[in-house]
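Here's a quick tour of how a few pieces of this fold pack together. Have the model open while you read.

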Amino acid sequence: MARAWEPAQWWLVGLAAGALLAMMSLVAPGVRADEPLRIPILVYHRFDPAVPGPTTVTVAAFEAQLAWLARHNYQVVPLRMALAELNGTAPRPQNPVAVITADDGHKSVYTVLFPIIRRARIPVTLFIYPSAISNASYALTWEQLREMQASGLVDVESHTYWHPNFETERRRRSAADYAAFVDNQLSRSRAVLEKQIGKPVDLLAWPYGIVDGDLEAAARRDGYADAFAYAGGPAAPGDDQLALPRIPVSDADRGERFGAALTARTQKRQEP
């Protein structure tokens, strides 16, 4: 007759099973066909080798975030590929995907971010306001932008011409003046970027995440195909094509906190 297991032996079996489940959870098994598609579009601003800030992510934090994505079987894909997957013109991804974007055009995108993505072969979309480029001391130069675009890893898109607060501008202008101002910010940015970079520009990130129906209509008139808000969680099929959500990333977003940010739907909020 078989000997009954002691309670301590059952505890060991349970411990081993728990460890196995934990190991299995480290690698995402893929995207199930019956699960809703959700694509985290991450947004960064500035990078620094060691010193964090309100919108500055350190190299250690960024590399930890990339490692988390790899460990959980995420593939970082170009923004345009993710858009095609969201609108159904490309096949649904078999594994989780994520997108990396960076707003404004701070020089650290070239000095800190670019060497990392070049080594790792990771695609990034930059949303640029051209008035600062080769003018402001904190900003990239046109030569740097052209070099990054030529790498095949970087796509340069619009962040309006000089990053205005549209709510403030609406309050201080007449209706006609405000409409003309919005059109100038959208169309001038596209024209300058296309001339300097030498390729079509039809994606837009709204400054401060401010977007409404009038702004969306102006973006359509000015030839933008898709535009992006600030915050809101992962993007999903059926989201407003001209106010697609993104996920702001901070230096503190590491480990499980970073993982939680990839899936949480949040309220839209303004960019700092």
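Where does Gln185 lie? Gln185 sits in helix α7, and keep in mind that this is a predicted model. Its relative accessible area is 0%, so Gln185 counts as buried. A polar atom of the Gln185 side chain is 2.9 Å from the backbone nitrogen of Trp162. Leaving out residues up to four places away in sequence, Gln185 touches Thr160, Tyr161, Trp162, His163, Pro164 and Phe166.

Over the whole structure, a search turns up ten aromatic pairs.

| Pair | Distance between ring centres | Angle between planes | Geometry |
|---|---|---|---|
| Phe166 and Phe181 | 6.2 Å | 75° | edge-to-face |
| Phe166 and Trp206 | 6.4 Å | 75° | edge-to-face |

What do these pairs tie together? Phe166 is in helix α6 (residues 166–172) and Phe181 is in helix α7, so their pair links parts that are 15 residues apart in sequence. Trp206 belongs to the loop between β8 and α8 (213–221), so its pair with Phe166, in α6, ties together parts 40 residues apart in sequence. As for accessibility, Phe166 is buried at 1%, and Phe181 is buried too, with a relative accessible area of 9%. Trp206 is buried, as is Phe166.

**Helix α7 against α5**

Helix α7 (residues 175–197) also packs with helix α5 (residues 142–150): their axes come within 10 Å and cross at roughly 70°. Which residues meet? From α5 come Trp142, Leu145, Arg146 and Gln149, and from α7 come Val192, Leu193, Gln196 and Ile197. Sorted by class, this contact has five nonpolar, two polar and one charged residues.

**Helix α3 and its strands**

Now over to helix α3 (residues 79–87). Its buried residues are Leu79, Ala82, Leu83, Ala84, Glu85 and Leu86. What do the buried residues of α3 pack against? Their partners are strands: β1 (41–44), β5 (97–104), β6 (124–128), β8 (203–205), β9 (226–232) and β10 (244–248). Just after α3 comes Gly88, with a positive phi of about 85°.

Conventions
Residues numbered from 1 in each chain as written. Predicted model: local features only at pLDDT ≥ 70, side-chain atom pairs only at ≥ 80, totals over all residues. Heavy atoms only, no water. Axes fitted to C-alpha atoms, helices over the stretch in contact; angles between N-to-C directions. Helix = DSSP H or I, 4+ residues; strand = E, 2+ residues; numbered from the N terminus. Contact = heavy atoms within 4.5 Å. Nonpolar A, V, L, I, M, F, W, Y, C, P; charged D, E, K, R; others polar. Buried < 20%, exposed > 50% of the residue type's maximum accessible area, 1.4 Å probe, protein only. Polar contact = N/O pair within 3.5 Å; in protein donor to acceptor, adjacent residues only side chain to side chain. Phe/Tyr/Trp six-rings, centres within 6.5 Å; stacked < 30°, edge-to-face > 60°.
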